[in-house]
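User: I have a new structure open and would like a short walk through it. Can we start with the strands?

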Amino acid sequence: MSSVLTDLFPQPIVQAPMAGGVSVPQLAAAVSDAGGLGFLAAGYKTADGMYQEIKQLRGLTSRPFGVNLFLPQPETADPAAVDVYAHQLAGEASWYETELGDPDSGRDDGYDAKLAVLLDNPVPVVSFHFGVPAREVIDSLHRVGTLTFVTATTAEEARAVERAGADVVIAQGVEAGGHQGTHRDRPETDGSGIGLLSLVAQVRESVGIPVVAAGGIMRGGQIAAVCAAGASAAQLGTAFVAAHESGAHALHKQALTNPLYARTELTRAFTGRPARALVNRFLREHGPYAPAAYPEVHHLTAPLRKAAAQAGDAQGLALWAGQGHRMARELPAGQLVEVLVAELAAARTALSAGGAR
Ligand SMILES: Cc1cc2nc3c(=O)[nH]c(=O)nc-3n(C[C@H](O)[C@H](O)[C@H](O)COP(=O)(O)O)c2cc1C
């Protein structure tokens with residue numbers, strides 16, 4: 001692992017930030033205590049909500065951790081397309097006996113306010129999704145001693161991350177659960193997502209900064225594989241959704257290994273930006289015509305998802321999951337890190353002995 005990372009966390013395992021209440025402080029603390037890097041997800045939090053979670057996490061662990069932010073998105077949505085989608089979702093609202101959300105209820109979720117909190121109360125790592133922060137933002141975080149990680153889904157995006165001065169690029173393959181961190185949502189590139197092993201090799205040859213690999217990783221052997229391809233560490237989301245400490249809805253955890261959910265798909269149905277989820281009724285019915293409109297669609301469907309959760313209906317939830325979901329293990333997060341580390345060691349031994357298991 002690159003020394004900039006080993007100084008922070010000894011095991012090459014990053015617990016992905018997972019917005020929507022999944023990566024709670026208890027999860028991040030358990031991962032950091034086990035030698036990985038735990039993360040909080042502030043994408044959908046207010047600045048104060050983020051601050052409270054950081055305080056709580058600091059009370060649970062003295063180990064380093066990260067906080068993740070979403071870059072504010074440019075206003076590109078076609079209001080007429082959002083209106084049409086709202087009409088198409090009207091039946092869902094009456095089925096769940098709720099109202100649709102206001103699509104215009106906020107574009108940036110307080111990005112500047114959150115940055116101000118992170119500059120006043122520095123944390124070891126800040127990561128960014130959905131774009132590259134301005135060079136001044138990265139410089140100001142460096143001045144307070146914070147390392148910066150930024151997601152990229154292509155070699156070009158990785159070069160932009162390095163040019164902006166970030167310390168680490170997270171190479172996110174198309175297998176990944178949750179939102180693709182594409183810098184600009186361009187529907188014309190739908191279907192051209194790059195598989196992780198190929199992406200890691202491309203990014204490794206394009207930039208000089210350390211690479212963290214994300215997407216479909218569920219076993220230590222896969223961590224060995226991405227590290228052999230040039231990554232310094234792996235970022236796992238879905239594997240930690242199933243962990244005991246994760247804040248994911250019980251239905252979400254159960255669905256990962258339920259044979260009823262055999263496939264995942266990238267969809268705009270829930271938020272308007274491509275994100276990988278288990279295929280359920282909502283995704284099947286609305287995915288095909290959901291518009292490219294983030295965060296408008298996220299706000300529009302929020303009450304539906306909340307009502308589905310309250311009704312215990314997994315068919316109406318956003319069941320974010322990567323392609324490896326069936327290999328999820330319901331373990332305490334610290335134990336999951338230990339198992340992954342043991343598998344990684346075994347795979348490395350097998351690799352150096354010249355054979356595969
Ligand atoms: C439930 C869930 C929520 C996620 N939320 C975020 C997020 O808030 N910020 C972020 O940078 N990535 C988020 N991701 C993507 C992860 O950072 C990572 O790329 C992905 O989990 C890797 O693929 P895997 O799930 O197959 O391990 C999320 C992933 C999942 C599964």
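Analyst: Strand β10 pairs with β11 (residues 275-278) through 4 bridges, and the two run antiparallel. Strands here are DSSP runs of E with at least two residues, helices are runs of H or I with at least four, and both are numbered from the N terminus. Two strands pair if DSSP finds at least two bridges between them.

User: Before going on, what kind of model is this?

Analyst: This is a predicted model, where local features need pLDDT of at least 70, side-chain atom pairs count only at pLDDT 80 or more, and totals for chains, interfaces and linings use all residues. Residues are numbered from 1 along each chain as its sequence is written, and side-chain values use heavy atoms, with hydrogens and water left out.

User: OK. Which residue in β11 is the bridge partner of T264?

Analyst: T264 is bridged to L278 in β11.

User: What is the strand order in that sheet?

Analyst: The order is β7-β11-β10, in an open sheet of 3 strands with antiparallel pairing. β7 (178-179) and β10 (264-267) each have a single partner strand, so they stand at the edges and one side of each lacks a neighbour in the sheet.

User: Now the ligand. How many residues surround it?

Analyst: The ligand is surrounded by 21 residues, with P17, N68, G216, G237 and T238 the closest. To count, a residue needs a heavy atom within 4 Å of the molecule. Strands β3 (65-70) and β9 (233-236) each supply at least two residues of this shell.

User: What classes of residue are in the shell?

Analyst: There are 10 nonpolar and 11 polar residues, and no charged ones. Ala, Val, Leu, Ile, Met, Phe, Trp, Tyr, Cys and Pro count as nonpolar, Asp, Glu, Lys and Arg as charged, and the others, Gly among them, as polar.

User: Which polar side-chain atom lies 2.6 Å from a ligand oxygen?

Analyst: That atom belongs to T238. A polar contact is a pair of N or O atoms within 3.5 Å. For G216, a backbone N or O atom lies 2.7 Å from an oxygen atom of the ligand. In Q172, a side-chain N or O atom is 2.9 Å from a ligand oxygen.

Definitions and conventions:
A polar contact is a pair of N or O atoms within 3.5 Å; within protein, one must be able to donate a hydrogen and the other to accept it, and residues adjacent in sequence count only if both atoms are side-chain atoms.
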